[in-house]
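The sequence and structure come first.

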Amino acid sequence: MGLAMGKKSWRGKGAAAIAALLIVAGCGGNGNNEGSGGSAAASPGASAPATASAAGGQAADLGKVKLVLDWTPNTNHTGLYVAADQGYWKKRGLDVEIVLPPESGADQMVATGAADFGVGAQEGLTLARENDMPIVSLAAIIQHNTSGFASPADKNIKEPKDFEGHSYGGWGSPAEQAVIGSMMQQQGADVNKVKFVNAGTADFFTAIQKDIDFEWIFYAWTGIEAEQRGIQLNMVYLSDFDKRLDYYTPVLTTSEKMIAGKPDVVRAFVEGASEGYQYAIDHPAEAADMLIKANPDLNADLVKASQAWLSPKYKDDAPRWGEQKREVWSGYAEFLKEHELLAKDLDYDAMFTNEFLPQP
């Protein structure tokens, strides 16, 4: 995974995250047991020292921390690059290094302490918690799930029942078949009539030229790129067919150990990120330029178009950027349990926290 994911045009990142966690679990990531004691969401900010804010005064020197991305840089990450560019972390006394994910994935780095913060997704974090990896979500980067199943318009795949008789390109994760099957079942369609193909490293645009009819993509990137290429797509969004699939992806993460031991650092990090994303909401064009400046190899036209589409969706209908709801966390876990992809009951309140977000 890691860098290779960027070559897949952002397709099916959710499924890729699940597959990665299954691999991590099989490797027995026991290094995560450090700092796993106690509920992460039990008012973690209650005894936290106040961090010097942007309002004035000299911020305490909180030192250097490492933030690992989930993917190659893209518009999901814009607020982070804005925070770095505009000094939103620096004025809070924090020096943040942004790094790309290794093959083992961002969640593993956060769980073991190799990175202080990460970009993850609810689907991956849920399976991490099942495997006793003490990762906690600090903020929802995007308020609603913008992923879905994309196909060229000439395939005439407009709703889940149309998946029958077509080939799906993915990673072979059981979660992919569960999601597709649950959506088809609502319309009386049979998932066994879908041909599941391992698409390998081919990106979406290469795959659909071969034997793939539809794939799981994030519209903000691959969908916008299709528009720029003049390729008309049909989209079947997950959130349209099961409320439980309107989960948080991506999210900002840290470990229980960081929350317990360095709540002032966690607060400074989240406050700076929040300010960065708010800037990206209010100034999408300028924010896109900052992402491009930090990553000049990106397609500038794609970044700008993607940012214009995505910026209103960061906060959407939430009272503040980053806000998370318990029912979203419990809903997705219940979906996994229903499809026998989650064997353990989880403490949903320990999986996420809103305590470090600035007040609305």
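## Aromatic pairs

Phe214 has a relative accessibility of 0%, so Phe214 counts as buried. Phe163 is likewise assigned 0% relative accessibility and counts as buried. The model is a predicted one, and 17 aromatic pairs are counted in it. Phe163 and Phe214 form a stacked pair, with 4.4 Å centre to centre and 5 degrees between the planes. Phe163 sits in the loop between strand 5 (147-152) and strand 6 (167-170), while Phe214 belongs to strand 8 (residues 214-218), so the pair ties together parts 51 residues apart in sequence.

The pair of Tyr247 and Tyr332 is tilted, because the ring centres are 4.5 Å apart and the planes lie at 55 degrees. Tyr247 is in the loop between strand 9 (233-237) and strand 10 (251-255) and Tyr332 in helix 13 (residues 326-338), 85 residues apart. Tyr247 is buried at 1% relative accessible area; Tyr332, also at 1%, counts as buried.

## Cluster and charges over rings

One aromatic cluster consists of Phe149, Phe163, Tyr168, Phe196, Phe214 and Trp216. Arg229 lies over the face of Phe205, 4.0 Å from the ring centre. Lys313 lies over the face of Trp309, at 4.2 Å from the ring centre.

## Helix 6

The 12 residues of helix 6 (residues 174-185) should span 16 Å at 1.5 Å a residue, and the end C-alpha atoms are 16 Å apart, which agrees. Of these 12 residues, 9 are buried, among them Glu176, Ile180 and Met183.

## Confidence

The mean pLDDT is 86, and 84% of residues reach 70 or more. Over residues 1-56 pLDDT stays under 50; the model has 139 contacts beyond four places in sequence for this stretch.

Definitions and conventions. Residues numbered from 1 in each chain as written. Predicted model: local features only at pLDDT ≥ 70, side-chain atom pairs only at ≥ 80, totals over all residues. Heavy atoms only, no water. pLDDT = per-residue confidence, 0-100. Contact = heavy atoms within 4.5 Å. Helix = DSSP H or I, 4+ residues; strand = E, 2+ residues; numbered from the N terminus. Expected span 1.5 Å × (residues − 1). Buried < 20%, exposed > 50% of the residue type's maximum accessible area, 1.4 Å probe, protein only. Phe/Tyr/Trp six-rings, centres within 6.5 Å; stacked < 30°, edge-to-face > 60°. Lys NZ or Arg CZ within 6 Å of the ring centre and 35° of its normal.
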